Amino acid sequence: MPKTQKKIPLDKIRNIGIIAHIDAGKTTTTERILFYTGRTYKIGEVHEGEATMDWMAQEQERGITIMSAATTAFWKPYFDSHLAKDDYRLNIIDTPGHVDFTAEVERSLRVLDGGVTVLDASEGVQSQSETVWRQADKYNVPRVCFVNKMDKLGADFMATIQDIRDKFGVKPAILNLPMGAEDSFQGVIQLLDEKAYFWEDKTTATEPEIKDIPDEYKDEAKKLRAELVEAIAETDDALMEKFLMEEEIAVNDLKAALRKAVIDYKLVPVMAGSSLKNTGVQPLLDAVIEYLPSPMDIDHIDGINPKTDEEVQRALKPEEPFAGLAFKIQSDPHVGRLTYMRVYSGKIESGSYVYNSSSGNKERVGRLLLMHANEREEIGYAQAGEIVALIGLKNTTTGDTLCDEDHPIELERITFADPVISLAIEPKTKADQEKMGMALNKLSEEDPTFSIEVDHETGQTIIGGMGELHLEIIVDRMKREFSVDAGVGKPQVAYKETIKKYAEGEGKYIKQTGGRGQYGHCLIKIEPTDPGSGYEYIDEIKGGVIPREFIKPINKGIIESMERGYLAKYPMVDFSVTVYDGSFHDVDSSEVAFKMAGSLALRDALSKADVILLEPIMKVEVTAPDNFMGDVIGDLSSRRGQIQGTTNRGKMVIITGLVPLAEMQGYVTILRSMTQGRASSVLLPSHYQEVPANITEEIIKQRTKSE
């Protein structure tokens with residue numbers, strides 16, 4: 001039976017995500033939040049494989065987050081605050097930091113109102129932090145920054161603040177000042193409240209002692225507080241007037257103005273701490289409540305009425321008609337298919353019917369659940385501002401809008417990156433073959449960046465993903481969760497093909513058999529478009545030289561031909577095709593004939609258009625001890641890499657460059673052996689670029705040989 005629900009007012013709900021670079025301490029921070037909010041009674045450590053939010057076996061073994069996990073917790077403001085000491089509800093999503101699981105971050109940010117960006121105090125702003133920051137920018141998500149690991153060797157708070165300015169391009173509002181760093185880190189000074197918080201016993205989760213600011217920090221605290229007050233005053237005319245008149249501004253007025261500035265994305269609050277040592281987490285929780293938006297602050301969401309194509313707005317209130325976005329599908333071994341949904345407006349009840357405006361289907365909501373990582377709590381209804389999981393939806397996929405059928409709305413879909421790497425997978429036995437299809441379908445439902453294709457020439461199943469680790473985890477999950485034993489080939493890079501110049505082509509398909517024949521004839525022109533623009537089909541047929549019903553079949557034939565490639569059988573991208581002339585036969589013309597004509601016309605045009613091969617280029621960031629810098633740069637250069645720059649941070653150097661993905665297979669192992677295990681690296685997809693001619697020839701030879 002559903003529990004009696006304690007309904008929290010909308011202004012006391014915070015939908016937040018914990019986002020960051022791999023190893024910055026997101027999951028450890030989330031574990032502390034769960035402990036302090038009373039959600040867990042024992043702190044789970046990532047390095048011991050016991051983190052609550054990392055509940056998958058693979059996550060616990062590897063010490064990384066793979067699936068974004070959602071949880072609900074409650075928090076009463078802890079310190080002196082102008083906020084009421086009521087329960088605030090936090091819907092928290094802990095997202096992965098590894099680039100291979102970028103889809104998990106993308107879909108989480110789409111449904112969140114605020115974010116906590118966790119940074120490593122010794123590493124500063126790393127490349128993946130920049131990537132997730134840009135993803136959050138895309139969805140206008142206000143953020144606070146938590147500079148974690150202040151107790152780590154090389155921790156430098158002010159250098160990290162400078163990084164935030166330079167790399168994120170935002171104005172930081174420093175809310176607290178760390179006292180000490182590395183071994184001597186003992187707490188933080190809250191600048192607005194002018195109090196020092198000391199955490200004496202850092203091995204167990206303790207309450208801080210609140211004291212006056214120690215003498216040695218008074219001058220710096222005073223200077224930083226003055227800068228903070230000025231930064232806040234600049235965002236508010238009334239406060240600016242007081243500031244210029246050198247009047248004292250009340251702390252509550254400063255906090256209210258700062259909240260508005262954060263929501264308007266004019267300032268980004270920055271705080272310091274060490275989650276592992278239980279230091280600075282309570283002030284962070286207070287800052288989340290105090291400065292990040294509630295659903296009420298977002299006001300409304302825009303969408304389109306699928307029946308009229310008109311723009312519609314929906315206020316984020318329980319009284320409005322129901323609208324929600326399905327942002328994640330998950331196969332749960334206990335309850336089956338779970339659909340995670342953010343409720344934007346109105347109310348949804350278990351047992352009711354909802355309309356999927358993206359597909360036009362009606363679905364029945366069996367049960368509604370509040371999720372706590374992989375545990376669940378059944379509820380009777382959910383309303384605007386909440387994040388819940390639904391059981392019973394069979395045909396809803398990631399990015400679909402669920403709404404009230406009488407008031408249809410379609411919200412903006414979530415966009416995902418294309419896979420950059422693929423491998424062939426074969427079941428070991430006949431029994432595995434049947435299970436493999438089902439397992440792959442379930443996994444692709446969950447993960448929009450995971451693709452499955454069958455190579456019709458070889459009969460092989462090809463799976464694609466965002467990196468070697470991504471595909472490794474998929475194969476591992478098939479084995480554990482679906483008991484499918486499969487053999488896998490070597491990872492293959494996802495090359496693409498495109499054209500370099502304008503060309504024209506003609507396609508004529510004439511087949512005469514006994515009785516009715518086939519006749520299709522079209523003329524096309526093709527020209528290159530901007531990188532990343534995809535494919536565009538333009539119809540310039542005038543005067544009915546080709547009847548309307550044959551225009552789409554021509555496009556279908558062109559698309560099928562593009563997917564087969566031209567040079568080395570890789571899919572083609574980034575050009576436009578214009579059909580401008582042709583002819584037809586009153587009796588013999590058919591859709592099939594024009595589809596064939598379209599395919600032949602493209603082949604003809606491609607033979608004159610300078611087709612080239614494109615390869616994925618990765619942005620690589622290597623952090624290594626400075627005495628290995630020469631070796632690392634030399635190795636990257638030998639992999640056709642372009643070094644973009646180096647930055648020194650203590651005794652470490654951060655090397656950034658662009659390297660073709662084809663040259664980076666097995667790189668992590670080689671890097672470790674080259675640097676005595678002391679370097680780490682991150683690869684991020686950057687762009688596609690032309691493959692050098694000698695390597696193109698080699699790839700074509702290999703592809704021809706494998707046939």
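A residue counts as buried when its relative accessible area is under 20%, as exposed when that area is over 50%, and as partly exposed in between, using a 1.4 Å probe and protein chains only. By this rule Cys145 is buried, because its relative accessible area is 0%. Cys522 is likewise buried, at 0% relative accessibility. The structure holds 0 disulfides, a disulfide being a pair of cysteine sulfur atoms within 2.5 Å.

The model is predicted, so local features need pLDDT of at least 70 and side-chain atom pairs count only at pLDDT 80 or more, while totals for chains, interfaces and linings use all residues. Residues are numbered from 1 along each chain as its sequence is written, and side-chain values use heavy atoms, with hydrogens and water left out.

Consider the chain as a whole. It has 707 residues, of which 54% count as buried. It contains 17 helices and 38 strands; these are DSSP runs numbered from the N terminus, with helices (H or I) of at least four residues and strands (E) of at least two. Contact means heavy atoms within 4.5 Å. Among contacts between residues at least 6 apart in sequence, 72% join residues at least 24 apart.

Next come the helix pairs. Two packed helices are described by the angle between their axes and the distance between the axes. The axes are lines fitted to C-alpha atoms, for helices over the stretch in contact, and the angles run from 0 to 180 degrees between N-to-C directions. Angles under 35 degrees count as roughly parallel, over 145 as roughly antiparallel, 65 to 115 as roughly perpendicular and the rest as oblique.

Helix α6 (residues 215–233) packs against helix α8 (residues 251–263) at an angle of about 55°, and their axes are 9 Å apart. α6 is therefore oblique to α8. Their crossing is left-handed, a term used if the near helix is turned anticlockwise from the far one by less than a right angle, with right-handed used if the turn is clockwise. On the α6 side the contact is made by Arg225, Val229 and Ile232, and on the α8 side by Val251, Leu254, Ala257 and Leu258. These residues divide into 6 nonpolar, no polar and 1 charged. In this sorting Ala, Val, Leu, Ile, Met, Phe, Trp, Tyr, Cys and Pro count as nonpolar, Asp, Glu, Lys and Arg as charged, and the others, Gly among them, as polar.

Helix α11 (residues 430–446) and helix α12 (residues 468–482) have axes 10 Å apart and pack at an angle of about 120°. That makes α11 oblique to α12, and the crossing is right-handed. From α12, the residues in the contact are Ile474, Arg477, Met478 and Phe482; those from α11 include Leu440 and Leu443. By class, the contact of α11 with α12 has 8 nonpolar, no polar and 4 charged residues.

For helix α13 (residues 551–564) and helix α14 (residues 591–606), the axes come within 7 Å and cross at roughly 45°. α13 and α14 are therefore oblique to each other, and their crossing is right-handed. Among the residues that meet here are Gly557 and Ser561 in α13, and Gly598 and Leu602 in α14. The contact of α13 with α14 divides into 6 nonpolar, 4 polar and 6 charged residues.

Two strand residues come next. Ile463 is found in strand β27 (residues 461–465) and, at 0% relative accessibility, counts as buried. Phe450 is 13 residues from Ile463 along the chain, and their C-alpha atoms are separated by 7.1 Å. Val659 belongs to strand β37 (residues 652–660) and is also buried, at 1% relative accessibility. The C-alpha atoms of Val659 and Lys619, 40 residues apart along the chain, are separated by 6.5 Å. With neighbours within four places in sequence left aside, the contacts of Val659 include Ile617, Leu636 and Met664.

Finally, there are two loop residues. Asn278, in the loop between β11 (268–272) and α9 (281–291), has a positive phi of about 60° although it is not a glycine. Asn278 counts as buried, at 2% relative accessibility. Asp610 lies in the loop between α14 and β35 (611–625), and its phi is near 55°, a positive value in a residue other than glycine. At 43% relative accessibility, Asp610 counts as partly exposed.
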